[in-house]
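Please keep the sequence and the structure at hand while reading.

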Amino acid sequence: MIKEPRVQLFDLIECLSKAMDLVCPSLVNHHERVAYIAFSIGAEIGLPPERLRELVMAGSLHDSGALSLRERLDALRFDVEDPFEHAELGYLLLRSFEPLGAVARLVRHHHVHWDTRGEVSDAVGEDVPLESHILHLADRVAVLIRDGEETLGQVRGICEKIEERSGTLFSPELVEVFRSLAVKEYFWLDAASNSPGGVLRSMVGLETTELGLRGLLGLSNLFRQIIDFRSRFTATHSVGVAVSAEALAREAGFSDRECLMMRVAGHLHDLGKLAVPVEVLEKPGPLTGGELGIIRSHTFHTYRILEPIRDLETINAWGAFHHERIDGTGYPFHHRGEDLSLGSRIMAVADVFTAVTEDRPYRAGMAKGEALRVLQRMAERRSLDRSVVVMLERRYDEINAARIAAQTAADEEYRRFLPPDEPKRHVG
């Protein structure tokens, strides 16, 4: 029997922050850079270890509510306009996972200006934490660092820009702390490095919260929301895949533990789609060659992002190989049938089944007969495992009903994050 995975909370948070920053070269390492700068400021003023850990996690997730490429790029402008929508959405997403409740509150206020803190705190009914002001300062310092240019030569200009806004955008006391850090070359060289997250690990004890399978399931559900809520066309996809794959795994004789692992794999299988701009996900017409390349890279990113976490090896293989095919024509690794575990084969069938039965930008979801014909043709061509397709066919009505119920619930969940006039998607 496969052992129960046990992973560190911060390891998965780091995976998510890396995935979110893949959507554009301008964003690479942004979350880790903000986390490093925020930690450095927090340590300089003597925050206790637990608050420093929360600050680092908030820095690693601070833009989790900026779901589109436009929002992410807008947030890179120093004088970002109306940043509060993505901060509030990030708060609503993160607070759904109880261990990140305190982190969610820091994210909620990370764009509050120092000179309007009273007005904004009245609006949301709570005070702005000191750590949120640290995050705001760290975020604005990070966006001023220009990659591709010599780092230390930028320091004077960055400091002048920050000091100009002391007492308005930023806390004067925190700006003073920043000044004391700014004279130290290592601070800038670490912040601008290709691996600020690695530097963080050596500076603060982050391996303190271990997740068992139930905790992992809860965190993977948060990942699923951040991955899928970027587009109304994908808003319920991962939960549909997860429920369908879990049902097929149970039909195949998997243990209760392995079935829960399959659900986690379904939640995470499209993690690499965070690297795909929403404009591509929602494009109603044919994709260009370049856009197809972006889409086909998403499973590679899923696999490589999760690969360093050894206890996720099985879950990663089940999830990330969902576009591999029995005859070796899949992507990105071109594994053949003998290289693919039963879990990976189940996930491939669950993904196709969910994709063909839900609405897409270019077509409505297929009814039972049409969906089964697609799956059967793919099995005949040795794209999908015939035995898994037969299991789905045998239990189609039951599995489809579970998919519809899960996706309907996820759609209602999604709509709570949207304006009331957003169109409802079809999940039947």
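## Ser193 and Asn29

Leaving aside residues up to four places away in sequence, Ser193 touches Asn29 and Arg33. The model is a predicted one. Ser193 sits in the loop that runs between helix H11 (185-191) and helix H12 (196-203). Its side chain reaches the backbone nitrogen of Ser195 at 3.3 Å.

Asn29 is itself a loop residue, found between helix H1 (9-20) and helix H2 (30-44). With a relative accessibility of 13%, Asn29 counts as buried because the cut-off is under 20%.

## Backbone exceptions

Most residues other than glycine have a negative phi, and most peptide bonds are trans. Asn29 has a positive phi, near 70°, and is not a glycine. Arg382 is also not a glycine, and its phi is positive at about 65°. Arg382 lies in the loop between H21 and H22. At 42% relative accessibility, Arg382 counts as partly exposed.

The peptide bond between Tyr331 and Pro332 is cis, with omega about 5°. Pro332 belongs to the loop between H19 and H20.

## Helix H23

Helix H23 covers residues 396-415, which is 20 residues. At 1.5 Å a residue these should span 28 Å, and the end C-alpha atoms are 28 Å apart, so the two values agree.

The buried residues in H23 are Tyr396, Ile399, Asn400, Arg403, Ala406, Gln407, Ala410, Asp411, Glu413 and Tyr414. Viewed down the axis of H23, these buried residues fall within an arc of 155°, so they line one face of the helix. An α-helix has 3.6 residues a turn, so residues three or four places apart point the same way. The cover over the buried residues of H23 includes helix H13 (213-228), helix H14 (237-251), helix H20 (342-357), helix H21 (368-380) and helix H22 (386-394).

## Helix H15

Helix H15 (residues 256-268) has 13 residues. From its first C-alpha to its last, H15 reaches 19 Å, close to the 18 Å expected at 1.5 Å a residue. Ten of the 13 residues of H15 are buried, so this helix is largely enclosed by the rest of the structure.

Among the buried residues of H15 are Glu258, Cys259, Met261, Met262 and His267. H13, H14, helix H18 (298-306), helix H19 (313-320) and H20 are what the buried residues of H15 pack against.

## Asp351 in helix H20

Asp351 is found in helix H20. Its relative accessible area is 6%, so Asp351 is buried. Not counting residues up to four places away in sequence, Asp351 touches His237, Val241, His269, His322 and His323. The C-alpha atoms of Asp351 and Ser244 are separated by 8.3 Å, although the two residues are 107 residues apart along the chain.

## Cysteines

A disulfide is a covalent bond between the sulfur atoms of two cysteines. The structure holds zero disulfides. Cys159 has 11% relative accessibility and so counts as buried. Cys259, at 0% relative accessibility, counts as buried.

## The chain as a whole

The protein chain has 23 helices and two strands. Of its 428 residues, 59% count as buried. Among contacts in the chain with a separation of 6 or more, 72% are accounted for by residues 24 or more positions apart. The chain exposes about 17,300 Å², and carbon and sulfur atoms supply 51% of that area.

Terms used. Residues numbered from 1 in each chain as written. Predicted model: local features only at pLDDT ≥ 70, side-chain atom pairs only at ≥ 80, totals over all residues. Heavy atoms only, no water. Helix = DSSP H or I, 4+ residues; strand = E, 2+ residues; numbered from the N terminus. Expected span 1.5 Å × (residues − 1). Buried < 20%, exposed > 50% of the residue type's maximum accessible area, 1.4 Å probe, protein only. Arc of directions from axis to C-beta. Contact = heavy atoms within 4.5 Å. Polar contact = N/O pair within 3.5 Å; in protein donor to acceptor, adjacent residues only side chain to side chain. Disulfide = S-S within 2.5 Å. Areas by Shrake-Rupley, 256 points an atom, 1.4 Å probe, with all protein chains shown as cover.
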